[in-house]
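Me: I have a model open and would like to learn how to read it, feature by feature. Could you take me through it?

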Amino acid sequence: MASSTSRMDEDAFLSSFELLGPVGEKLFAPTCVSVSLTGEYVVSDSDSCFIVIYSSFGEYLCHFSTIPKSIFYLLLNLEKHRPHDVAWLSSKRVVYTQPWGSKVTISNWNGSKTTCLEGKPLYQPFGVCVDNLDQIYVTDKDKGRILCYSSEGKLIKTFGGLASNGFSLHNPHYIVLNKTGDIVLNDIIKDCVCIKMYDRLSGKFKTVSTDIISGLGVGCLAMDSENNIFMTDYHKNRVKVFRNDSNENVEMNNVKDLCGIALNHDGNLVCIDNHDKTIKIFPWGKDHLHCNGHIKSSLDITEDSN
């Protein structure tokens, strides 16, 4: 694939807002972000074990702890309660992963009603996304597979791992879906990152791009309406854009510590700046997919042999 690099100017973002908690303090470690159908934001704060909800204007609405109240004062192992990836369900509900606790939880906005998917068949649930039928897709890093659940937490099917007559996935991290329900994820293979797509029509995984960055820098994914794929490169503080037969490195000069990303309903790129504890929104959409012009071609997709 051809590659290019562009830079976001210091005044490139459309808007920003501080990631504040219930009494106006900044979040400790905002990690992942998701945008609801009505424009609200949900952010996971891994250090404080909080899930925080913001309005479409960036105003704090509510939050809840991912630590069960029954063990709050007896907590011995905080690590297993840290939230990681997060996604929206309908009816003001969210779903979030806790990789080091082998748990995925469905909750309403205030955390009072929860459904947990604990233990087997989950081992290290990491990334999560939701389709337009409210089905939940979770990557299980430890077993190299994807699990699909109903919005009530019932296991529907699995992809990859032993279910695919071979180990098509190795160490899957983040996951997104396009409009037609095809699954896209980033998979670490021998310390390199591979973008893979599960084609529903063929029932097979295909490789979109490989040998992208060191596995240590693998970050969150997003996908727009044109099926362009976005991935954060934590180590180099940039967003990689995979589209057509070219890809682009967009260096985020005005984001000091790039973390989670998402796309809002205007097609603009939503980024967490973990240094400033803010969300910054950049103009994107089909007219901004390349800062120096628009490139037209088709994704170089090859079917996996394994």
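Me: Where is Asp134 in the chain?

Reply: Asp134 belongs to the loop that runs between strand 11 (125-130) and strand 12 (136-140).

Me: What should I look for in its backbone?

Reply: Start with the general idea: most residues other than glycine have a negative phi. In this model, Asp134 has a phi near 70°, a positive value in a residue that is not glycine. Asn237 also has a positive phi, of about 55°, although it is not a glycine.

Me: Where is Asn237 found, and is Asn237 buried or exposed?

Reply: Look in the loop between strand 20 (229-233) and strand 21 (238-243) for Asn237. Its relative accessibility is 15%, so Asn237 counts as buried.

Me: How many helices and strands does the chain have?

Reply: There are zero helices and 26 strands. As for burial, 58% of the 306 residues in the chain are buried. The accessible surface of the chain is about 13,800 Å², and carbon and sulfur atoms account for 50% of that.

Me: How do I read the confidence values?

Reply: The general idea is that where pLDDT is low, the predicted coordinates should not be read in detail. Here the mean pLDDT of the chain is 82, with 81% of the residues at 70 or more. Two stretches call for care. Over residues 163-167 pLDDT stays under 50, and the model has six contacts beyond four places in sequence for them. Over residues 289-306 pLDDT also stays under 50, and there the model has 55 such contacts beyond four places in sequence.

Me: Next, the nonpolar side chains. What is the general idea?

Reply: In soluble globular proteins, nonpolar side chains tend to be buried together. In this model the largest nonpolar core has 42 residues, and those that touch the most other members are Ile53, Ile195, Ile229, Phe230, Met252, Ile261 and Leu269.

Me: Which strand gives the most to this core?

Reply: Strand 19 (residues 218-223) does, with five residues. There is also a second, separate core of 15 residues, including Leu27, Cys259, Ala262 and Ile281.

Me: What does Ile229 touch?

Reply: Leaving out residues up to four places away in sequence, Ile229 touches Val184, Ile195, Val208, Leu221, Ala222, Met223, Lys240, Val241 and Phe242. For the chain overall, among contacts with a separation of 6 or more, 46% are between residues 24 or more positions apart.

Me: How do I read aromatic rings?

Reply: A pair of aromatic rings is described by the distance of the centres and the angle of the planes. The structure holds nine aromatic pairs. One of them joins Phe159 and Tyr198, with 4.6 Å centre to centre and 70° between the planes. That pair is edge-to-face, because the angle is over 60 degrees. It links distant parts of the chain: Phe159 is in strand 14 (residues 155-160) and Tyr198 in strand 17 (residues 192-199), 39 residues apart.

Me: Which charged side chains sit over rings?

Reply: Two cases to view are Lys92 and Lys143. Lys92 lies over the face of Trp109, 4.8 Å from the ring centre. Lys143 has its charged end over the ring of Tyr123, 4.6 Å from the centre.

Note on methods:
Residues are numbered from 1 along each chain as its sequence is written. This is a predicted model: local features need pLDDT of at least 70, side-chain atom pairs count only at pLDDT 80 or more; totals for chains, interfaces and linings use all residues. Side-chain values use heavy atoms; hydrogens and water are left out. Rings of Phe, Tyr and Trp (its six-membered ring) pair if their centres lie within 6.5 Å; planes under 30 degrees apart count as stacked, over 60 as edge-to-face and the rest as tilted. Helices (H or I, at least four residues) and strands (E, at least two) are DSSP runs, numbered from the N terminus. A charge sits over a ring if NZ of Lys or CZ of Arg is within 6 Å of the ring centre and within 35 degrees of the ring normal. Buried means under 20% relative accessible area, exposed over 50%, partly exposed in between (1.4 Å probe, protein chains only). Contact means heavy atoms within 4.5 Å. Accessible areas come from the Shrake-Rupley method with a 1.4 Å probe; for residues, only the protein chains shown count as cover. pLDDT is the predictor's confidence in each residue, from 0 to 100. A nonpolar core is a set of buried Ala, Val, Leu, Ile, Met, Phe, Trp, Tyr and Cys residues joined through side-chain atoms within 4.5 Å.
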